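Dear colleague,

I am handing over the structure we spoke about, and I would be grateful if you could look through it before reading my notes. The sequence and the model come directly below.

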Amino acid sequence: MITPEKLLETAKELEPQLQQWRRTLHRHPEVGFDLPRTKELVKKALTEMGYQPQDCGKCGVIALAGGKHPGKCILLRGDMDALPLQEESGEEFSSEVPGKMHGCGHDMHTAMMLGAAKLLKEQEDQIQGTVKLEFQPAEEIFQGSPDMIAHGLLEEPKVDAAAMFHVLAGMPLPAGMVLVPGGGITMASCEQYHITVQGKGGHGSMPNVCIDPITAAAHIHIALQEINSRELDPAKFGVFTTGRFEAGKASNVIPDTADMWGTIRTVDPEGEVSAQIRQRMTEIAQGVAAAYRCTAEVSFSDFCPCMVVDAPLAQNALTYMTELLGKGAMDMTPLTGGKPGGGSEDFAFVSHQVPTVSMFLAAGNAKEGYTYGQHHPKVRFDDSVLYKGSAAYVYLALRWLADHP
């Protein structure tokens, strides 16, 4: 098998191509399942490498490396979708699509995966089993993984282990540092909520003949905070955030409705905390609305479970990343105190079906000018780390397959 030193050297030679892929994707972001240009780039690149990429689900792509020798199958994931966000990063290769931006780094992931595909193709005779490459859409709306799973992602060949990387910007870590979590729940579940408050609109000069839904919605928003402070077990994690609040179009008009959208996150695999929050949100929203002569409709959607990391696989990953990067890899448990993070990731659907590890790759810190974190319109990512990401994907896959014949 290729040595860590040689693999990093070979990956480094791909740096111009990796940056070209990443910056092309960054200029032309696409969201959800609507990724025609991104998918075309991925399939074209894979085909030119000698793969036969296959469609999977609404917009996913898979390709197989190896298979020449008997063995297990490991899945490597890279997500492709962007965010509905107006870019303000100032990068020379900023988004050319109004209202869309690769603000979470999925352009980095896709480029890293293409680099991994090229490296794996060059090492194909040495693969002791099969590496399944997954290019996934719709991660930001938690629908890409379940869609691809439903269309056979984990079968033919059957997947025995799965791994993913996510880049991090704005964190106080050296660029290129790989963080490997311990086992257990490492990321929260997430689901969306939408509250519509129905009132009675009219002229702003005559509030007495109207029923103001904004007043009711504002009180609902405040009242919901009591769930966390007074109703949830302090030993349990549960947080909900209203991130979008819309009502009316004119300053002198009381609107008919006011709408609130947000997310609920927990680290309860049994779903008891989520169920409690949903029940109380509904009761509070409807009760407060009624107190202000309105009605409220509450709905929930786009559920994503907790990320569950397999402890033995995580230990393997930490060993392999240390072999590859030395002090450039670290156990992230001391940083987190072993507590799950509040972020969510739809690869969690895979983690509930096969042993999975989700790792992180530092891609710029404030001292290097990368001040902002994911989902900020000014976030920037250091794409000099791309080759390390590609090499990490490859080394993890080759070493795990060799160790688990």
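What follows is a description of the chain as a whole, and then of some local features.

Please keep in mind throughout that this is a predicted model. The protein chain has eleven helices and 16 strands. Its radius of gyration is 23 Å, close to the 22 Å that the globule rule gives for 405 residues, so the chain is as compact as a globular protein of that length. Along the principal axes, the C-alpha atoms fill a box of roughly 80 × 45 × 45 Å. Of the 405 residues, 53% count as buried, and the chain exposes about 17100 Å², of which carbon and sulfur atoms supply 52%. Among contacts between residues at least 6 apart in sequence, 82% join residues at least 24 apart.

Helix 1, which spans residues 4–13, has Pro-4, Leu-7, Leu-8, Thr-10 and Ala-11 as its buried residues. These cover an arc of only 165° around the axis, which puts them on the same side of helix 1. An α-helix has 3.6 residues a turn, so residues three or four places apart point the same way. On the other side of helix 1, Glu-5 and Glu-13 are exposed. What do the buried residues of helix 1 pack against? Their partners are helix 2 (15–27), helix 4 (106–122), helix 8 and helix 11.

Two of those partner helices, helix 8 and helix 11, come up again below. Thr-319 is found in helix 8 (residues 311–325) and counts as partly exposed, at 33% relative accessibility. The C-alpha atom of Thr-319 is separated by 9.3 Å from that of Leu-396, although the two residues are 77 apart along the chain.

Turning to the aromatic rings, the count comes to one aromatic pair. Phe-165 and Tyr-393 form this pair in an edge-to-face arrangement, with 5.0 Å from centre to centre and 85° between the planes. The pair links distant parts of the chain, since Phe-165 belongs to strand 5 (residues 161–168) and Tyr-393 to helix 11 (residues 386–403), 228 residues apart. Phe-165 is buried, with a relative accessible area of 1%, and Tyr-393 is likewise buried, at 0%.

There are also charged side chains placed over rings. Lys-121 lies over the face of Tyr-51, at 4.3 Å from the ring centre, while Arg-244 lies over the face of Trp-261, at 3.8 Å from the ring centre.

Most residues other than glycine have a negative phi, and most peptide bonds are trans. The peptide bond from Glu-156 to Pro-157, however, is cis, with omega near -5°, and Pro-157 is found in the loop between helix 5 (144–150) and strand 5. Ala-138 has a positive phi, near 55°, and lies in the loop between strand 4 (129–136) and helix 5. Arg-293, also not a glycine, has a positive phi of about 65° and lies in the loop between helix 7 (272–291) and strand 13 (295–304). Are these residues buried or exposed? Ala-138 is buried, with a relative accessible area of 0%, whereas Arg-293 counts as exposed, at 55% relative accessibility.

Conventions: Residues numbered from 1 in each chain as written. Predicted model: local features only at pLDDT ≥ 70, side-chain atom pairs only at ≥ 80, totals over all residues. Heavy atoms only, no water. Phe/Tyr/Trp six-rings, centres within 6.5 Å; stacked < 30°, edge-to-face > 60°. Helix = DSSP H or I, 4+ residues; strand = E, 2+ residues; numbered from the N terminus. Buried < 20%, exposed > 50% of the residue type's maximum accessible area, 1.4 Å probe, protein only. Lys NZ or Arg CZ within 6 Å of the ring centre and 35° of its normal. Arc of directions from axis to C-beta. Contact = heavy atoms within 4.5 Å. Rg over C-alpha atoms; globule rule 2.2 N^0.38 Å. Areas by Shrake-Rupley, 256 points an atom, 1.4 Å probe, with all protein chains shown as cover.
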